[in-house]
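This report describes selected features of the structure shown below. Please consult the sequence and the 3D view alongside the text.

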Protein chains: 2
Amino acid sequence: MSFLASSVMHVDIVFENGVEHIKLLKGINDEHGGVIVEMKEPMAPEVFVTVLRDSLLQWKHQGKKGVWIKMPVGLVNLVETAVKEGFWYHHAEPNYLMLVYWIPETGNTIPANATHQVGVGALVLNDRRELLVVKEKSGSFQIIGLWKIPTGIVDEGEDIFKAAIREVKEETGIDTEFMEILAFRQSHKSFFEKSNLFFLCMLRPLSFDIQKQELEIEAAQWMPLEEYAAQPFVQKTELLKYMNDLCLAKIDNGYAGFSPRATTSIFSDDLGYLFFNSLDLDQSNADDYSGKKK
Amino acid sequence: MSFLASSVMHVDIVFENGVEHIKLLKGINDEHGGVIVEMKEPMAPEVFVTVLRDSLLQWKHQGKKGVWIKMPVGLVNLVETAVKEGFWYHHAEPNYLMLVYWIPETGNTIPANATHQVGVGALVLNDRRELLVVKEKSGSFQIIGLWKIPTGIVDEGEDIFKAAIREVKEETGIDTEFMEILAFRQSHKSFFEKSNLFFLCMLRPLSFDIQKQELEIEAAQWMPLEEYAAQPFVQKTELLKYMNDLCLAKIDNGYAGFSPRATTSIFSDDLGYLFFNSLDLDQSNADDYSGKKK
């Protein structure tokens, strides 16, 4: 399903006997029987309320279901009007508020807002079994003085594996190649009501001279893996111990994580990355993927 | 990090010489040097602007950084005032808008909003190599008439594996036990600007009599896996073919996906599920997890 509104909304304006009549909001249809209006031009709330009511009446006649209004922050003066006419908040970004309204008498099937932030942690090991670690300048890890792996948040629209490469580069200056996701963890209420999905990634270093980032990173180094693991906080913290054991299982015992492969979407040619245990899949029934026979 | 605001904001009111002075917004401190204000009581915009300005001055003196105002939809009349004072939208849910402001001169480190919706698809196979499939009543799959696996969106705060169990139950009435995540796929701009993470799950059926859901499901049945895979749309769609091959690799060739294990968080005892290749981890260096020796 796609809710992308590419065309621009405008208001029909008709002149009758020299009098300007602003008639209806114009939107584009979505794939679910709804309409998406992208507000652009300033409008007085007194005008907006009339246009909005007339538009809703027409959409009702047309059998429309959901009505979306993307309201830029510059038109904040129209938000109160929309809410008083029955719209509610769907989601917001710094520059706009998305309002939504449900026309039918039946219960609404408006999809929920995004629910998860996505984070990455990067295990980067060199040939001497040294792990790339940093000390942060602020936050909970700074307080306990832990040497930790680079971590960060996946940007909007960013691929997970690219985020891992970017975070390592930003924090330490090290270039890397992505290998696998060893594990991931879902946690709730990590950011207000939102959940978090954290992906533990393994990357191969392509450079070795550390250039630490000044703003957030106190120190960075290649640290013997055993020394990292021996830190008391790692020893006593279940999740960090799992992460360390997964790292050891990978480098010493052929642990198979999930690696990304670009695939097209079901109803479009949009590429996305499918992550799976490619070692096991390629060894099984799918000789068409890798060219290898069973 | 936690941004949960549990206490309730109120406004200090002081009487001087019988005159009521509304003084400052009260918030609670967050862990990042910021303050979170939860607006509750109605207030006139003319009053709010004064209180807000005085509060910002005090927070600035206190060296505060980010200021969050959670504004319930009932106080929509105050949103314009906040925006005009320099607040911007952070995120919104049906009942409130979260506004944010950055006090220091330096660039802001306000974390981004949630970026991903999370979806699940459920592979449920019985002992006769029959796959639990449905036909939907609307949407793109209905148009092409595909027999497909049950899918759905993970609710806010819901565990991925519980969502898979719930969706199967809702759409088909079948009880299941969660086994593994075989793969996941990240795609972008799937819902306005938001990305999607779709988890392909394998579940074991615990009951077999189908009771299909009326609202969204046209039909549901146990279908021989080969018949499902032979559908032309499955054959020609890369992603569906991968999903089918992963299913076959799992049931015929011991493909190892990721299974969930409850672990506590790093800085709290909050439980979350870590998903990893437990077969490989338990067989490697971690005999303390499963009790098995190498």
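## Interface between chain A and chain B

In this predicted model, 94 residues of chain A are in contact with 94 residues of chain B. The area buried between the two chains is about 8900 Å², and carbon and sulfur atoms contribute 64% of that area. On the chain A side, Tyr89(A), Phe192(A) and Tyr242(A) lose the most area to chain B, together 10% of what that side buries.

Polar interactions also cross the interface of chain A and chain B: 33 residue pairs are in polar contact, both residues having pLDDT 80 or more. The rule finds four salt bridges between chain A and chain B. Among them, Glu93(A) pairs with Lys194(B), with the closest N and O atoms 2.5 Å apart.

## An open sheet in chain B

Five strands of chain B form an open sheet with mixed pairing, in the order 3-4-5-7-6. Strand 3 (28-29) and strand 6 (88-93) of chain B stand at the edges with a single partner strand each, so one side of each has no neighbour in the sheet.

Strand 3 and strand 4 (residues 35-38) of chain B run antiparallel and are joined by two bridges. Within strand 4 of chain B, Val35(B) stands opposite Asn29(B). Helix 1 (residues 45-61) of chain B packs on the sheet, where it touches strand 4, strand 5 (66-72) and strand 7 (96-102) of chain B. The direction of helix 1 makes about 155 degrees with that of strand 5 of chain B.

Glu136(B) lies in strand 9 (residues 130-136) of chain B. With a relative accessible area of 19%, Glu136(B) counts as buried, because the cut-off is under 20%. The side chains of Glu136(B) and Lys148(B) are joined by a polar contact of 2.6 Å. Beyond four places away in sequence, the residues that Glu136(B) touches include Phe141(B), Thr151(B) and Ile217(B).

Terms used: Residues are numbered from 1 along each chain as its sequence is written. Chains are lettered from A and ligands numbered from 1 in the order in which they are written. This is a predicted model: local features need pLDDT of at least 70, side-chain atom pairs count only at pLDDT 80 or more; totals for chains, interfaces and linings use all residues. Side-chain values use heavy atoms; hydrogens and water are left out. Two strands pair if DSSP finds at least two bridges between them. Helices (H or I, at least four residues) and strands (E, at least two) are DSSP runs, numbered from the N terminus. Contact means heavy atoms within 4.5 Å. Axes are lines fitted to C-alpha atoms, for helices over the stretch in contact, and angles run from 0 to 180 degrees between N-to-C directions. Buried means under 20% relative accessible area, exposed over 50%, partly exposed in between (1.4 Å probe, protein chains only). A polar contact is a pair of N or O atoms within 3.5 Å; within protein, one must be able to donate a hydrogen and the other to accept it, and residues adjacent in sequence count only if both atoms are side-chain atoms. Buried area is the accessible area (1.4 Å probe) that two parts lose on being put together, summed over both. A salt bridge is a side-chain nitrogen of Lys or Arg within 4 Å of a carboxyl oxygen of Asp or Glu.
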